[in-house]
Structure formats: structure tokens, C-alpha cells
Protein chains: 2
Amino acid sequence: MSVGGEADHLTVENFLLSLTLILVFSKVFGELAERIKQPAVLGELLAGVVLGGSVLALIPATQGVIGYETFHLLAEVGVAILLFEIGLETDLKDLIKVGPTSTLVAITGVVLPFLLGFFSIIGFQKYGLLNLDPNTLTLVAITCGATLTATSVGITARVLSDMNKLQTNESKIILGAAVIDDILGLIILGVVTGLIESFRSGSESSVSILNIGFIILKAFGFLAVSIFVGNLIAPKMFNFFSKLKVRGLLLLFAISFALIYAILSNLMGLAPIVGAFAAGLVLRNTAQFNTIEHNLKPVSDFFTPIFFVTIGAAVDVTVFNPFVSENIQVLLIALILFVVAVIGKFASGFTIFQKDVNKSVIGVGMIPRGEVGLIFAQVGLSYAIFDSKLFSAVTAMVMLTTFIAPPLLQKLFKEGNDTVE
Amino acid sequence: MSVGGEADHLTVENFLLSLTLILVFSKVFGELAERIKQPAVLGELLAGVVLGGSVLALIPATQGVIGYETFHLLAEVGVAILLFEIGLETDLKDLIKVGPTSTLVAITGVVLPFLLGFFSIIGFQKYGLLNLDPNTLTLVAITCGATLTATSVGITARVLSDMNKLQTNESKIILGAAVIDDILGLIILGVVTGLIESFRSGSESSVSILNIGFIILKAFGFLAVSIFVGNLIAPKMFNFFSKLKVRGLLLLFAISFALIYAILSNLMGLAPIVGAFAAGLVLRNTAQFNTIEHNLKPVSDFFTPIFFVTIGAAVDVTVFNPFVSENIQVLLIALILFVVAVIGKFASGFTIFQKDVNKSVIGVGMIPRGEVGLIFAQVGLSYAIFDSKLFSAVTAMVMLTTFIAPPLLQKLFKEGNDTVE
């Protein structure tokens, strides 16, 4: 039997209904996407758009709506499990081998979009597309540039995984670059919020080389120590676990291992998914690797669509309606930012000297901004650096990069099939 | 990278940490329980007690605490998936075959505990253990009796499933009785809240035979129609689904099918788990049954511990401290209620005439009150029918019945191993 839920809480019925809609729509749209030779993840993102607040409004899609928090947390579990799964399929040695290449791609893919974003805002102001307070112009330009530096590894990794391309050199360079990108993003976020806060208080900026050095040290230190210590103890630990008898223990301990890495990663300021990915790299070296991967699959199937649907649900389609005159300006800004965002990341693939890799694949793999771009845009909004117009434009840019990458990536991989691998 | 969560919300770190603790503790305690020849579910319940608010307070265990809602919803998914899994392993024909027996067990197991609970309260008042307002005495006695009628099928079903005993006659009688019990519980809950509300408003009771008839009709009607229609269309539907290609579709559609049944069940006033169980009965008849069951297992492994840990976490161990003088009276009331609660359900097994079933197993299988008992107790508290003393005693009774049933059930099944089956 049931008792009524409280009005300001997510009731059991509403929660189960939203969850069911996410599961069903994600797979229906995923199937349709595959039918027209597009990646399933594109369908899942579109399922989110359809279910989201600006179309059917059937799932809680924006902050403040009842139940948003719960689905947001499940989405975090979803992307963590996805990156854990991808870590399990990735060899650490290969990742280290492409390390210098990945670093080059990551740095170019951060510096170039930043500069392009920065000067786009200056240009918008000059040519009257924006009418910003001259005092804050530089800060707005910096925040916008910072948003363009983001990379969402979740989107690309999912496409690569669905296409069975995780073992290619391109995939490894992209995954490595995405991890380094997260560290760089962390520094940028720290610097930008530091600048904003010192601008607010009128004091000197507290951002110093020492601070930045500390952030880098902490991030790389965590990765190095967690992978080293993990490789040392995990194989023995899981040998012991495999002797225990209670149902489901091995799977739940493997997932818990990934979640602990995700929590530590988050405490170190990195994204939880970086930790989950590292946990996968570590557990790949256990003797129980195959059982873990096999049993993880259905759990991943259940959770990952929640992440992609949630990303899609954040899209406000009303911004894209060209019949509302205010939107024209927003769309124009979004379009220009989108073009520079694509160019900036795409170019990063061409910094590589190696001949046996498909540079376009790497460039395109870095394009999607996804949830990381949304976090940056949210910071800009919450500090009132972005007004609602610029926030809409930046969000639209983030979404366009997120939606264009999967089909482009699939197309490029298919075309290069004979020459690469 | 990460951005700080709001203070009145569950942060990503805290959520992941609580989740990890639930997964790890449930399996550690489950393993320890099996080592001392006890059912794993007893370990999971104890893990909840340890993690809950009155011991380590590491997970949000009580209403109002930040994050409680999220884990409560995940627990609902957990028990729904468990009952779905058990439905998949149960043959509807067998269930119908034992129908009359189940009905007899369910009715006795409701009437007897109700009467025993009712007269216990009258006795407590007479002998000074309680000092209730004579005006509300009858109402308190009725509410307490109602709480004693509850049966938590989740606990028993889990033990039976872990022991591979779901195919025995005893299991089928218990499962059938539990479904009927839920319908009876629904009627009782409706009658009791109706009585309370009419007492409050001073008006005539709105509880009529017509109302009760309508509740029964709605519940049985839903079950009959959903199973009949499901059996008609599900095999064709899932034949079609199995032809689709996108990863995870079959599993997610099967889970969605169960969730839709759970939602409909809840809308009809029944527990979501009754619907999930019915969905399992239906999908058993699909050609994809084996694939569904195989892939559901890891998802069930992930979710069900959340349910059992949440039940355990609701225990307030401070009530059991005999060195606090106030507790003595509470404990005495709890103990007497516990004894009559056990007797009432245990006796229900002996209403059966069949010779080839272990009557004790059935009686014990009906004992655990679990989350259903907690819902009743919560109603009594929220309408201020139970004062905090009686609420503590009733909750303690619920917990004692929940914790005693799994080891007892296992013991009885092992003893009867040669004679039964």
C-alpha cells in the first residue's frame, strides 16, 4: 500500500515515472539514431531535449525544480560508471606512451579556444553585438574564453566505446588529453573565480604562480599516487574478494572502488569521472577483470542514459526560435562562438607530428563541451558576469558542440577505416 | 573539476560516499552473516543499523535529514527490482494453484494479529503500562492492531531467493499470501485513516462496506487486468524489442515494464512492489526471459542492498538501552507486542490442511513487518494517535519481527530439507 508523499518532495510515483521515461526514451531515440546511421548517444541527448523543461517538461531538468537534485546525482553515478568502464578497457601503458602527444593536444585545445573566445567578446562589443560595461569587459571575455576551453570526455568516450574504437591510438590520445584538459580546466576555473572575486572586492588578485603550481601538483600527485598505490594493492585485494561468497560482492566492491576514487578525485578538485577512469585503469590489472567488466555492463546500461538524457534536458529550445526577435542576436553570438569553439579544438589535433594517426578524429573528439561547459557557463551566470543574453548564447554554443561531435566523429572514423588502425 | 554544492542539498561527494558505504557495508556484513550460517539479508539489515542515525550516522536515515529522500527513492527502486526478479522466477499457474491456501493464510495472518494487538493495548491500559485518554483508547488499539497485520514480502522473498527455495510450495503460498496481505493492508489502512479522520472531525465515519468493496474490486481488478493484458501483449512486444540493436535496450525495456506496473499498482493504492512482482510473472512468459533475468542480476545486486540497509538504518538503537529507565516500559510493551505479533502470524501457517507443506515455514515467512509495518507506525505517529513512547515500542516490535524472521526461516528450511520438497 502507499501513503501520500509531501508536496515539496519528489513522490515515489513521479520519481519512478521520470526514471521510466528516461530509460524508454533514451533507448527509443538511441535506436532511431542508429537506424539513420548516427551514434546512439546523439539519440539519448535528443531524448533529453524532448523530455526536458522546454519541450515536454516530463522530467525535472533545471536546478530548483523538485527532483532535479536526485536525477543530477544519478547522472553523476552514470558518467562515473561509464568512465570506469572505459578505464577498464584502457591500458595505462598505452596512455603513458601517448602522454606527450596528449599533453600537446590538451594545451593547444585550451589555449586556442581561450584566445578565440576572449577576442570574440572584444569583437562583439566593438561591433555592437554586445553592450557591456567597459569595466567588466575583460572579465566577461576571460570567463567566455574559459568556457570554450572545456572538454566533455563523456560524450566522445561513449561514441568511441559504442564503435569499438577504444583500442585505437586516436582514442588513447583523446582520453589522455581529456584527463589533462580536466586539470587545466581546474586551474582556469580557479584563476577565473579568483579574478572575479578580487574584482568584486576591489582588492589585488589572489591568483599567483604559487597557487597554480599547487593546483597542478595536487592534481598530478593524486593521479600518480592513486594509480601507483592502486596497482600495488588492488590485485591482491580483489584476489581476496573473489574468495568471498555472498552474491554480488565482487561487482559491488569494484563499483565501490571506482566511487572511492571518484570521491578522492573530487576532494582534490578534479572531476569525479577522472578518479573513476583511474580506478578502471587500475582494476584492469586484476585477475577478476573479466567478471567485473561482464557484470558492470548491465549496471552501466542502466545508469549512463540518465547522464546523457540529463545533459540533453538542460537545452532550452526556445532560444533557438528565430521568430522571436530577441533571439536573433543571441543566435548570432552563439553561432560565432560555436564556429571559434570548433576551430579551436579541431586545430588541436593538427599539433601532432605522428603520421599514423587521424588528426581530424582527435580534433573532433575534443570538440564537445558537454556538462563541463555547462559548469563554466553556470559559474559565469552565478557571479553575474554573464547576463541572461550571453548565458543563453554560451549555453547554445555548448550544446551545439555537444550535439555535432558524435555524428562527426562517427563519420570520420568510418571514412578513415581503411587508412588508420 | 567540481563546483561547490549548495549547503541544504546533498553534495555529490556526500552522495557518493553514502552510496559507497551502503554497498561496502552491506556486502561485508552479508558475508559475515553467511560465515556464521545466517542469511545475507540479516547482515545487510545490520549494516543499516550500524550506518544509521543512532550509531555511526554515516547515511541519511530519517525523514528530514538532507539526502534522505534520494536514498529512500533508490530503496524503492531496489525493492521493486527485487520483487520483479522474484516474479520472473515464479510461475503464475503455481500461484493460482495455491491461491485458496494463500488466501486462508493471509486472512488468518491479518485477523489474528489485529485482535491480539487490539487487546494488548486494552490490557496495557488496564494494567497501567499505558496511560491513554479513554476517548482515544479504541482508536489507538485499532491502529496498533493494524500495524501488527503488516507483512514485508521483501525480507522473506529475499531469504527464499538466496536459498534457492522459490520453487517450493511453501514459497508460492507465502508469495501469494503476501500479495493478498497487501490488498488487505490497503483496506485496513483506508479504514483506520477513515476512522481517525472522522474521529477528528467529530462526524460520522465515512467507512462503509461500499468503500471497502470498491477498494477490493480496484486492487483485484488491477491485478487481473494487468496480468491478463500483459500475458497477451508482452510476448509479442518483447519479440519485437529483441530485434532492435541498440545496446541495453532489452534490459531497460524490461525494467521499464516493471516500473510502469509498479507505478500503476501505486496509483491503484497497492504497493509498487505488487506491480513489479506482477510484471515479473508476465515477463516470465516471454522468449527473452533468460536474457532478461541474466542481465537483471547485476542491476538487482546493486539496488537491493540499498533497500535493506535503509530498513536497518531506521532502527533507533537507543530505545533498546535498558539502563535508561524510561526505556524499560517501552521495551516491555515492545516485547509483549513482539510476542503476539509472532504468534499471530505463525499461527496463520497452521490454518492449512495440506500435508505436504511445512506449516512452520509459512508461519515464519509471514512474520517480518519490515517497511510495511513502519508505514503503519508512521501513520499512527503523524495523526498523533501514537505518542512517542508507543511509537518507539511499535517500531521496536516491527524491527524485532524483521530481524528474527530471516535466521528462523533459514533454520526451518534446513531442518525440513529431508521431509519437504
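Q: Which residues in H6(A) meet which residues in H8(A)?
A: This is a predicted model, in which local features need pLDDT of at least 70, side-chain atom pairs count only at pLDDT 80 or more, and totals for chains, interfaces and linings use all residues. Residues are numbered from 1 along each chain as its sequence is written, with chains lettered from A and ligands numbered from 1 in the order in which they are written. From H6(A), Leu139(A), Ile142(A), Thr143(A), Ala146(A) and Thr149(A) meet Leu184(A), Gly185(A), Ile188(A), Val192(A), Leu195(A), Ile196(A) and Phe199(A) of H8(A). Two residues are in contact if their C-beta atoms, placed from the backbone, lie within 7 Å. Helices are DSSP runs of H or I with at least four residues, numbered from the N terminus.

Q: What makes H6(A) roughly antiparallel to H8(A)?
A: Helix H6 (residues 137-149) and helix H8 (residues 169-201) of chain A pack at an angle of about 165 degrees, with their axes 10 Å apart. Axes are lines fitted to C-alpha atoms, for helices over the stretch in contact, and angles run from 0 to 180 degrees between N-to-C directions. Angles under 35 degrees count as roughly parallel, over 145 as roughly antiparallel, 65 to 115 as roughly perpendicular and the rest as oblique. H6(A) is therefore roughly antiparallel to H8(A).

Q: Why is H3(A) called oblique to H12(A)?
A: The axes of H3(A) and helix H12 (residues 289-313) of chain A cross at roughly 140 degrees and come within 7 Å. That angle makes H3(A) oblique to H12(A). Among the residues that meet are Phe71(A) and His72(A) in H3(A), and Phe289(A) and Glu293(A) in H12(A).

Q: How many residues of each class are in the contact of H3(A) with H12(A)?
A: There are 14 nonpolar, five polar and two charged residues. Ala, Val, Leu, Ile, Met, Phe, Trp, Tyr, Cys and Pro count as nonpolar, Asp, Glu, Lys and Arg as charged, and the others, Gly among them, as polar.

Q: Why does Lys37(B) count as exposed?
A: A residue is buried if 20 or more other C-beta atoms lie within 10 Å of its own, exposed if 12 or fewer, and partly exposed in between, with C-beta atoms placed from the backbone. Lys37(B) has 10 such neighbours inside 10 Å, so Lys37(B) is exposed. Lys37(B) sits in the loop between H1 and helix H2 (40-51) of chain B, and its phi is near 60 degrees, a positive value in a residue other than glycine.

Q: What makes Ala57(A) partly exposed?
A: Ala57(A) has 13 other C-beta atoms within 10 Å, so it is partly exposed. Ala57(A) belongs to the loop between helix H2 (40-51) and helix H3 (68-88) of chain A. Its phi is near 55 degrees, again positive in a residue other than glycine.

Q: Why is Val28(B) called partly exposed?
A: Val28(B) has 18 other C-beta atoms within 10 Å, so the term is partly exposed. Val28(B) lies in helix H1 of chain B.

Q: How do you know that helix H7 of chain A is mostly covered?
A: Eight of the ten residues of H7(A), residues 153-162, are buried. Among them are Val153(A), Ile155(A) and Arg158(A).

Q: How many residues does each chain give to the contact between chain B and chain A?
A: Chain B gives 56 residues and chain A gives 56 residues. On the side of chain B, H1(B) gives the most, with 13 residues.

Key. Helix = DSSP H or I, 4+ residues; strand = E, 2+ residues; numbered from the N terminus.
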